Amino acid sequence: MSGALVIQTSFLGDVVLTTPLIAELASRGPVDVLATPVGAAALENNPGIRTIIRYDKRATYGAALGLWRTVKELRALRPYDAAYLAQGSFRSGLLAMMTGARERIGFTSSTGRVLYTRQMPYRPERHHAERLWSLAMSECADPPTRAQIRPRLYPSDEDRHAVDSLLRRSGTTGEPFVALAPGSAWGTKRWPYYADLAKRLTADFKIAIIGSKADFETAAQISNMLPPECVIDAVGSLSLLGSAELIGRAQAIVTNDSAPQHLASAMGTPTLTIFGPTVPEFGFGPLAERRAVAGHSALSCRPCDRHGPQRCPLGHWRCMRELTTDYISSLLAEVLNPPVPV
């Protein structure tokens, strides 16, 4: 049996947003996915995936030998009816072509488009989850339902047990908590007032701090401002899907425009995303049913970058500095307590 190959070697958030495409293709037949080690970790236990092929770009990107080894691995698995280019680099297109896939489907905007057999329009006005899902559809297909483009992740029993253990160690036995995800790979995306927000929230909630080992210092700035019994410190202590499981148990999450918002979308957690140099109109906003976005709409310099530079190009960083704790608290209250329909 052949099936489909999905190539997604981009950022973690993009991987999570590829899961609706994977689910759509899996409803038709077997699906294999080529992903980075981090992306592969996010896709573990996904019932729509037959095989995950790990491709470490840090070790092999730019190396012809590494690319060829990956192609040989794919060819040894099976021939593919189609390859879907969720990551549009020329190298990804070359890899798809070298697998022998009869069809290679990607966006008209991709640098590897000359290697595709079918190019789909890139719709900048749509959410990226919908854009990726559309790779599996014809151009005349009906718009997707909310369920069709909702990302999904699948924590394991081990992940759930790890979260249970963390909550017990933190003295949390059923008390409500709000998750905060203060980190980002991009410096200008990090809202600077998480500690102030956390202090306000401790009147009603415990605070779970989410992040990788790279976020230790940022997390410490928050936890040092709080009574120890109020903190659930998950920074660097859980697997990726363990973090998703913890987010899934939170009353809500406050996050920058970074991967945790997409983990929250996949777990159905009410989400407040803080946008600084970027904007949700790029197509990467939260998809949870209860959600809100914060941003400085009065600044003519926004957005200044597709990802967010490490430093403000104009030196003032007003897009984040002028988003006050009062403003963020008011939006979070709306997410936590949505109005009752009349």
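Biologist: In which loop is the place of Pro303?

Modeller: This is a predicted model: local features need pLDDT of at least 70, side-chain atom pairs count only at pLDDT 80 or more, and totals for chains, interfaces and linings use all residues. Residues are numbered from 1 along each chain as its sequence is written, and side-chain values use heavy atoms, with hydrogens and water left out. Helices (H or I, at least four residues) and strands (E, at least two) are DSSP runs, numbered from the N terminus. Pro303 sits in the loop between strand E12 (291–294) and helix H13 (318–321).

Biologist: What is omega at the peptide bond that joins Arg302 and Pro303?

Modeller: The bond between Arg302 and Pro303 is cis. Its omega is about -10°.

Biologist: Trp317 is in the loop between E12 and H13 too. What is its phi?

Modeller: Trp317 is partly exposed, because its relative accessible area is 21% (buried is under 20%, exposed over 50%, partly exposed in between, with a 1.4 Å probe and protein chains only). Trp317 is a residue other than glycine, yet its phi is positive, near 50°.

Biologist: Where is Asn45 found, and what is its relative accessibility?

Modeller: Asn45 is not a glycine, but has a positive phi of about 70°. Its loop runs between helix H3 (37–43) and strand E3 (51–54). Asn45 counts as partly exposed, because its relative accessibility is 44%.

Biologist: Now helix H8, residues 157–169. How far does H8 reach from its first C-alpha to its last?

Modeller: H8 has 13 residues. The expected span is 1.5 Å times one less than the number of residues. That gives 18 Å for H8, and the helix comes close to this, with a reach of 18 Å.

Biologist: Which residues of H8 are buried, and what arc do they cover?

Modeller: The buried ones are Asp159, Val163, Leu166 and Leu167. They lie on the same side of H8, because the arc they cover around the axis (taken from the directions from the helix axis to the C-beta atoms) is only 95°.

Biologist: Glu245 lies in H11. Which residues is Glu245 in contact with, leaving aside its neighbours within four places in sequence?

Modeller: Glu245 counts as buried, because its relative accessibility is 10%. Its contacts are Pro155, Asp159, Arg160, Val163 and Met267.

Biologist: Which residue just after H8 takes a positive phi?

Modeller: The angle is about 70°. The residue is Gly171.

Biologist: What distance separates the C-alpha atoms of Gly106 and Leu166?

Modeller: Gly106 is in strand E5 (residues 103–107). Gly106 counts as buried, because its relative accessibility is 0%. Gly106 and Leu166 are 60 residues apart along the chain. Their C-alpha atoms are separated by 42 Å.

Biologist: How much space lies in the second largest pocket?

Modeller: A pocket is an open set of points on a 1 Å grid over the protein atoms alone, where a 1.4 Å probe fits, with protein on both sides within 12 Å along at least five of seven lines; lining residues have an atom within 4 Å of a point. Points are joined across faces, edges and corners, and the volume is the space filled by probe spheres set on them. For the second largest pocket, the value is about 350 Å³.

Biologist: Which lining residues are closest to its centre?

Modeller: The second largest pocket is lined by 18 residues. Closest to its centre are Arg190, Trp191, Pro192, Thr218 and Gln221.

Biologist: Which helix gives the most to the lining of this pocket?

Modeller: The elements with two or more lining residues are helix H9 (194–201) and helix H10 (216–223). With four residues, the one that gives the most is H10.

Biologist: Which residues of H10 are buried, and what arc do they cover?

Modeller: Ala219, Ile222 and Ser223 are buried. They are on the same side of H10, because their arc around the axis is only 90°.

Biologist: How many residues of helix H2 (residues 19–26) are buried?

Modeller: Among the buried residues of H2 are Thr19, Pro20 and Glu24. Their cover includes strand E1 (4–8), helix H1 (12–17) and strand E2 (31–35). H2 is mostly covered, and of its eight residues the number buried is six.

Note on methods:
Contact means heavy atoms within 4.5 Å.
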